[in-house]
Amino acid sequence: MTHVLIVGSGPTGLTLAIELARRGVGLRIVEKSPEPPTGVRGKGLQPRTLEVFDDLGVVDEILATGREYPSLRSYQGDQVVWEGRMDEIREPSADVPYPNLIMQPQWRTEQILRDRLAELGHEVEFGAEVTGFEQDEDGVTVTLGTGEQVRCAYLVGADGGRSVVRKQLGVGFVGDTFESERMLLADITTDDLDREHWHVWGSLAEQKIHFTICPLPNTDVFQLVAPYTGDDDLIALVAEHAPHVRIEEILWRSEYRVNIRMADQFRDGRVFLAGDAAHVHTPAGGQGLNTGVQDAYNLGWKLAVGTEALLETYEYERMAVAEHVLGLSTRLYREQDNQRGDDTNQLGLAYLGSPLSVGERGGERLGALFAEQRGTGFLLLADTGTEYPFTVLPPLDEQEGVILVRPDGYIGYHGDESGLSAYLSGFGIAAPLADAER
């Protein structure tokens, strides 16, 4: 029996697959599309996601092929009227090793994650659509479009905003779809713009953006984003507002409606929802893809341990984060706020109040010892012996009590050593997780 079947091979599904594979958990990851997507879609990777990708062993390739976001250059016709940054370039530090937003086309992020998954012995099964499933006390029986039936202990729907898994569960998707607010995305080529700026036509101050053209790193492609008004002639649109810019070729295009929605629940029995299947955002602030990656990062180690008490904390923790991030991305979209920084980098997200967060610092991102946190195990910061089934390091400066750091980099327990055993047994954390090759 497959232990975990993952539906959907975007960044969320791939992150979860890597998390399970490096722990030796049996998995399959299926994707209804016959081949990987080619369009850019999302392109912003936040600092917290880069920390996750460091742990997964892919951050070097992400940074080598991506770049920091370029400066904005705003035009009226062919005249430059304003230049500036939407973020401040920051230097790495001990507590923030990846301080800057990185631009990386989503298709390449997915390719890098697929390559890492292949190193761990697994491949995405393209052209494998889920047509139905039934769950019982012992597992889930999933039917694929090929007629194959897959028996698994857990099913994870990471299959996007139109999630088949969510719909079959009957889980509500609360929020709004704004039919009148549509956007056009297109990957284009042009020889008439430099590749050192993100080019904008329209008034930033008056929140009237006609379109933007952004160079994509390590390609000869630009991403064009424009409001959709019913006329989808991009060449005519560009000619009207920027007559000096000629589109040479349209490589890919897509239209989307602004959606702001969240699932009523992220779990039903042995079935979980993650990423866009659980929450969809406006593109403002670059929050959607990143939140999905971190859903998977939260869920992966919990599925590997597999105790009910631990699995119950997934919905509690990630629903609260999704609600907060949806509010942020919606505000940024409505206000056309182009500034990026502490509000959007996701470093301040925490699991305060979670049943899994105990003690004064319980639920915080540790923000230290990143090299020591790599891998799949827990980290115990304590002045104690090695009888614990974790990597044990001396306490941090001025630390009181012991600190147990979860595999996803958040503090689980902070308190007296005498209470640690009860905490571990309460969540069924009785043995170390296998620290597979990074």
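Predicted model: local features only at pLDDT ≥ 70, side-chain atom pairs only at ≥ 80, totals over all residues.

User: Which residues in α2 meet which residues in α7?

Analyst: Residues are numbered from 1 along each chain as its sequence is written, and side-chain values use heavy atoms, with hydrogens and water left out. Helices (H or I, at least four residues) and strands (E, at least two) are DSSP runs, numbered from the N terminus. Contact means heavy atoms within 4.5 Å. Here, Arg 48, Thr 49, Val 52, Phe 53 and Asp 55 of α2 meet Asn 290, Val 293, Gln 294 and Tyr 297 of α7.

User: At what angle do α2 and α7 pack?

Analyst: Axes are lines fitted to C-alpha atoms, for helices over the stretch in contact, and angles run from 0 to 180 degrees between N-to-C directions. Under 35 degrees counts as roughly parallel, over 145 as roughly antiparallel, 65 to 115 as roughly perpendicular, and the rest as oblique. Helix α2 (residues 47–56) packs against α7 at about 40°, with the axes 10 Å apart, so α2 is oblique to α7.

User: And how are α1 and α7 arranged relative to each other?

Analyst: Helix α1 (residues 11–21) and α7 pack at about 25°, their axes 8 Å apart, and are therefore roughly parallel. Residues making this contact include Leu 16 and Leu 20 of α1 and Val 293 and Tyr 297 of α7.

User: Is Gln 294 buried or exposed?

Analyst: Buried means under 20% relative accessible area, exposed over 50%, and partly exposed in between (1.4 Å probe, protein chains only). Gln 294, which lies in helix α7 (residues 288–305), has 4% relative accessibility and so counts as buried.

User: What does Gln 294 touch beyond its neighbours within four places in sequence?

Analyst: Its contacts there are Arg 48, Thr 49, Val 52, Arg 318, Gln 346 and Leu 349.

User: Now the sheet: in what order do its four strands come?

Analyst: Strands of a sheet pair through backbone hydrogen bonds, either parallel or antiparallel. Two strands pair if DSSP finds at least two bridges between them. In this model, four strands form an open sheet in the order β21-β20-β22-β23, with mixed pairing. The edge strands, each pairing on one side only, are β21 (391–393) and β23 (411–415).

User: How many bridges join β22 to β23?

Analyst: Four bridges join β22 (residues 402–405) to β23, and the two run antiparallel. Leu 404, for example, has Tyr 413 in β23 as its bridge partner.
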